[in-house]
Amino acid sequence: MSIEIDNVSRRFGDFAAVDNVSLSLPQGELTALLGPSGSGKTTLLRIIAGLERPDHGTVKFHGEDTTDVHVSDRGVGFVFQHYALFKHMTVFENVAYGLKVKPRRVRPNQAEIHRRVKKLLELVQLDWTAHRYPSQLSGGQRQRIALARALAVEPKVLLLDEPFGALDAKVRAELRRWLRRLHDEIHVTSVFVTHDQEEALEVSDRVVVMNHGRVEQEGSPREVYDHPANPFVYGFLGQVNLFRGRVSGGWAEIGGVRLPAPEHRDVSDAGAVAYIRPHDIELVEEEITGEGVIRAVVETVSIAGAVLRVELRHGLGDDLLHVEVPRDQPVAQTLQAGQVVYARPKQSRVFLQ
Amino acid sequence: MAFRFRQHSVLPGFGLTLGFTVFYLSLLLLLPVAALLFYTLQMPWVDFWATVSHPQVVESYKLSFGASLIGALINLVFGALVAWVLVRYEFPGRRVVDALVDLPFAMPTAVAGIALVTLYASTGWIGQYIDAFGVRIAYTQLGVIVALTYIGLPFVVRTVQPVLRDMAPELEEASAIMGASRFTTLRRVVLPTLLPALLTGFAMAFARAVGEYGSVVFISGNIPYTTEITPLLIVAKAEQYDYRGAAAIGTVMLVAAFALLLMINALQWWSTRRHTQR
């Protein structure tokens, strides 16, 4: 089931939560709505679900207008950030709920309900919790039950609102990989909302980056990460170093440093901001010269798993330069605070101001 | 396994607070109750039985407990409704309505009783219209129910309100998304969540109604065997200097009320325990 969103807007008083958004979400794909808080991603998800009505625009499921279809007739599955499990029901009753509340003539019989709930609980690997209450489960387990419950009604569309937001880092990482595998298994058109760029890039087939109620960019994780459409997307998808300068004839001038900006070849003397990702900078101990080389002094060095995170002071501005150095590089063995090094950007991106 | 009284906590003072609690409750509750029982025990058994099983008294038990039960049930339904409206909807004057709910607590019960008579007597503002249908409220058992409903109103509203306010709207949304109708959502999701609070409010409204005197005596007319409530008989006995007889009936009420409250508490304990058991 594909989802088409046409010119959808929703205001809350003076605040435009969703501002004229059009999107097309292909069948069977897992799409991430990514954005900072207040960017309208949750409101958009709730509009797709039918929990919120758009002021303008239409939502179509597989070409069929569902804007006026009541939430209980839409056939969507929804997973809430805080699980929203029914506390007074066991895990089994929670998952069976959607089947039990069906009108009598389409309701499966007891044995069938039993069989389907058992199958779903096996799918989320929690069949042993059937007779427990939600309060007896951990956060990660509760969210998996919530997912099983959402899937019980065999939704045409699965919507997840910050599904891992309330979980701790390790469980979160595990669960998102698990969600990816689950999606590969069941292939239901899914949309999930997140403010965590890593989560969006890792799990989804498509990423829709939102800000101020608008879509900033959409595309595959690789497209949006490697070719951000604008400074917001660049900045939001990962840590960046940012330098203000001027661009002229395909080169950006920042202090005494020149960075290539071939896409602005025809521009002469315009304000610009250059973005460099921490892992796109190479550190060299011996003095080197070149267009983009920045002389800097190491301020702090800290270990972050496979990389060293280095902060450097430099002459181009007051902000520290953030660099990530793979720990297997020779330079990583000897780096220490106070040392003078030369930073060479391997890749940078210049946006006009 | 040894039973552990003390538990480590950042706020010490277990001994002091428990000691005070026991002392305070003894002074305010146990002492008067014990005095009542002690006083009753001095009475010969035959006299005691004759007093408490007198037909007039037995009729009053039926009325007192029966009318209280009906009043509390009415409050259970409509109190929940009032709480729902006050929590869920924004409307002009909501705060005023919210404050009005507490009025039965604040108003002297005698004033309430006289006001009710003025309204419901067959010449009263409301009474005259109801009278046209052949229904009488003042000076009948119906009047007793009206008075007991009035004084019990705030309890259910006030116990349900905070629980309803804290209830996540996602629960109802989740239910609706899974295809449940509004009624099903109400019955299977909202009501079970509110059940412990409803039971508490019901128990309090019931207990309050059983002990009510002031507002009832005006509207009931106090006709022997029909509209006499038990507290009225106790007062009547006391006024005739029959303190023993008053104490005997008081003891019966005390035991009955306590037994009922214990039952409701057990029900409540069961309903909360059901979904938090470890």
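This is a predicted model: local features need pLDDT of at least 70, side-chain atom pairs count only at pLDDT 80 or more; totals for chains, interfaces and linings use all residues.

How much space lies in the largest cavity? The answer is about 40 Å³, where a cavity is, on a 1 Å grid over the protein atoms alone, a set of points where a 1.4 Å probe fits but cannot get out, and its volume is the space filled by probe spheres set on the points, which are joined across faces, edges and corners. Residues are numbered from 1 along each chain as its sequence is written, chains are lettered from A and ligands numbered from 1 in the order in which they are written, and side-chain values use heavy atoms, with hydrogens and water left out.

With this rule, three cavities of 30 Å³ or more are counted. The lining of the largest cavity, meaning residues with an atom within 4 Å of a point, includes Val79(A), Arg144(A), Phe164(A) and Trp178(A). Helix 4 (139-152) and helix 5 (169-186) of chain A are the elements that give two or more residues to that lining, helices being DSSP runs of H or I with at least four residues, and strands runs of E with at least two, numbered from the N terminus.

Let me turn to the interface. Here 22 residues of chain B are in contact, that is, with heavy atoms within 4.5 Å, with 24 residues of chain A. Between them the two chains bury about 2100 Å², 63% of it on carbon and sulfur atoms, buried area being the accessible area (1.4 Å probe) lost on putting the two parts together, summed over both.

On chain B, helix 9 (169-177) and helix 10 (182-211) each give two or more residues to the side that touches chain A.

Over all chains, the search finds 37 salt bridges. One of them joins Arg206(A) and Glu29(A), at 4.0 Å, N to O. Arg206(A) lies in strand 9 and Glu29(A) in the loop between strand 2 and strand 3 of chain A, so this pair ties together parts that are 177 residues apart in sequence.

Key: On a 1 Å grid over the protein atoms alone, a cavity is a set of points where a 1.4 Å probe fits but cannot get out, and a pocket is an open set with protein on both sides within 12 Å along at least five of seven lines; lining residues have an atom within 4 Å of a point. A salt bridge is a side-chain nitrogen of Lys or Arg within 4 Å of a carboxyl oxygen of Asp or Glu.
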